[in-house]
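Subject: The structure for you to look at

Hi there,

Here is the structure I promised to pass on. Have a look around it first, and then read my notes below.

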2 protein chains.
Amino acid sequence: MAKKSTKTRNLREDCIVEALSIIGEDGLENLSLREVARRVGVSHQAPYKHFENREHLLAEVVGRCFDAFSKHLHTRKLTGDPTEDLASLGNAYIRYALNHPLEYRLMFGTSLPDPDKYPAMLEKAQYAYAILRDMLTQLFAANSRQKGADADLDAFFVWATMHGLATVLKSPSLATLPVTPSKLGKALPHAFQRVRAALKADLPA
Amino acid sequence: MAKKSTKTRNLREDCIVEALSIIGEDGLENLSLREVARRVGVSHQAPYKHFENREHLLAEVVGRCFDAFSKHLHTRKLTGDPTEDLASLGNAYIRYALNHPLEYRLMFGTSLPDPDKYPAMLEKAQYAYAILRDMLTQLFAANSRQKGADADLDAFFVWATMHGLATVLKSPSLATLPVTPSKLGKALPHAFQRVRAALKADLPA
DNA sequence: CTTTCAAAGTAGACAGCGTCAACTGTTCTG
DNA sequence: CAGAACAGTTGACGCTGTCTACTTTGAAAG
């Protein structure tokens, strides 16, 4: 039975892996269950034993991306200094987006499968968000100059900014914009400085 | 001849309008030239007289979105006060994204048709970006007490943040996050405050 | 006014897709 | 050992994009 479960898990796993690679090569819109089956070497119906339909497979792929993303965010060394750790979190976020544009796009760029229909995928997405939010909560707990500071609000702000930076930096339109590379290289550190300054500031009531 | 050119322009125009509405109803992945033809009331091949293929139609739709976006950004009254105008630009940006989520998604969310292949679309996108960047550059030029301040860098920061806020605010995952609506209502003003604070701050060398 | 000719629209065909139904074989269970 | 659960195969259906070949049309040229 061990053999069987291994075998079945293999096809399932293979499909997910192959799906991601197809998306990378031919784009999301050209992902087809039949092509997956062909590459894995099974009949065109075999994947349906493991995924209800195309969207279920896609949800699984996206879920894996969130897993990898969360893992990446977690596997950093923490210094204990909240400011430092926050910066490192931001760096990790951007680095992942830039180094894994395909996966990042799948998670945030394209129109996802409806999260309501895929609770497993949704949970993984929420987990990734929770990492960011918890980190900021800690930051404010340690750095309690701002008593009334609402970590959720700032988590949202930081998250949005990181996401915006990541998206804009690798937007296909950007490559064609009249922006010098040297300026582009400064853009990210500059934005990080701005965010740091923003979070330090006392806000008016 | 006027009549003819009107007529043909009508089918072309009708296709674009219908395409957008199909995307709104059934999603981008369910946009089909055949359905467009059906709704417009012509044979399944008629649209091919006006669009080489599905992607060309889509590029045209996206181009129109950029046009509308540019127009929206332009039609604001300026007060002359840089800080005020900057805030108003930010608001205009976010407002468009929130009021026209479908169009905004098409421009920035989904995987676009390859810009290299559709120079007309690309040009419109660059024009919209130029508006944004020019306004920001001007505002910062008028604004910055900081000597070495590079307006381009701040423009980039603000643009990315606005884009991030817009995207995250209407991301489907957001609706399912454990965030109360009241908090969500505060999120945007809070982020704007943070951005304002960020831009006011003196940055370390 | 008639001819002509390109553009616009129609009709049919083809392969590829997602997915349903029915079948075969293999493996675990009672 | 019987049989049920499950993985995989085959075939079919209607949908899609797009090719080719046809017909209509309406403006311009003679």
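Chain A can be laid on chain B with an RMSD of 0.6 Å, by a turn of 179° and a shift of 0.2 Å along the axis. The two copies are thus related as by a two-fold rotation axis. For this, the copies are superposed by least squares on the C-alpha atoms of residues with pLDDT of at least 70 in both. Of the interface residues of chain A, 94% are also interface residues in chain B, so the copies meet through the same surface.

Some ground rules before we go on. This is a predicted model, in which local features need pLDDT of at least 70 and side-chain atom pairs count only at pLDDT 80 or more, while totals for chains, interfaces and linings use all residues. Residues are numbered from 1 along each chain as its sequence is written, chains are lettered from A and ligands numbered from 1 in the order in which they are written, and side-chain values use heavy atoms, with hydrogens and water left out.

**Chain A as a whole**

Chain A has nine helices and zero strands. Helices here are DSSP runs (H or I, at least four residues), strands are runs of E (at least two), and both are numbered from the N terminus. Of the 205 residues of chain A, 45% count as buried; buried means under 20% relative accessible area, exposed over 50%, and partly exposed in between (1.4 Å probe, protein chains only). A contact means heavy atoms within 4.5 Å. Among the contacts in chain A with a separation of 6 or more, 68% join residues 24 or more positions apart.

Which residues have the most contacts inside the largest nonpolar core? They are Leu57(A) and Trp159(A), in a core of 129 residues. Such a core is a set of buried Ala, Val, Leu, Ile, Met, Phe, Trp, Tyr and Cys residues joined through side-chain atoms within 4.5 Å. Leaving aside neighbours within four places in sequence, Leu57(A) is in contact with Cys15(A), Ile16(A), Ala19(A), Leu33(A), Val36(A) and Phe51(A).

**Around the DNA**

DNA strand D is surrounded by 22 residues, and the closest are Ser43(A), Lys49(A), Arg34(B), Arg38(B) and Gln45(B). Sugar and phosphate account for 47% of the atoms of DNA strand D that come within 4 Å of the protein. A residue counts as near a strand if one of its heavy atoms lies within 4 Å of it.

The residues of this surface divide into seven nonpolar, nine polar and six charged. Ala, Val, Leu, Ile, Met, Phe, Trp, Tyr, Cys and Pro count as nonpolar, Asp, Glu, Lys and Arg as charged, and the others, Gly among them, as polar. Helix H1 (2-26) of chain A and helix H2 (33-40) of chain B each supply at least two residues of the surface.

You can look for these atom pairs:

- The side chain of Lys49(A) has an N or O atom 2.8 Å from a base oxygen of DNA strand D.
- The side chain of Arg38(B) has an N or O atom 2.6 Å from a phosphate oxygen of DNA strand D.
- Leu33(B) has a backbone N or O atom 2.7 Å from a phosphate oxygen of DNA strand D.

**Residues to click on**

Is Arg76(A) buried or exposed? At 15% relative accessibility, Arg76(A) counts as buried. Arg76(A) lies in the loop between H3 and helix H4 (82-99) of chain A. Its side chain makes a polar contact with the side chain of Ser88(A) at 2.3 Å. A polar contact is a pair of N or O atoms within 3.5 Å; within protein, one must be able to donate a hydrogen and the other to accept it, and residues adjacent in sequence count only if both atoms are side-chain atoms.

Ser70(A), in helix H3 (residues 54-74) of chain A, is buried at 4% relative accessibility. Ala141(A), in helix H6 (residues 119-142) of chain A, counts as exposed at 59%.

In chain B, Arg54(B) is part of helix H3 (residues 54-74) and is partly exposed, with a relative accessible area of 34%. The side chain of Arg54(B) reaches the backbone oxygen of Leu28(B) at 3.0 Å.

Happy exploring!
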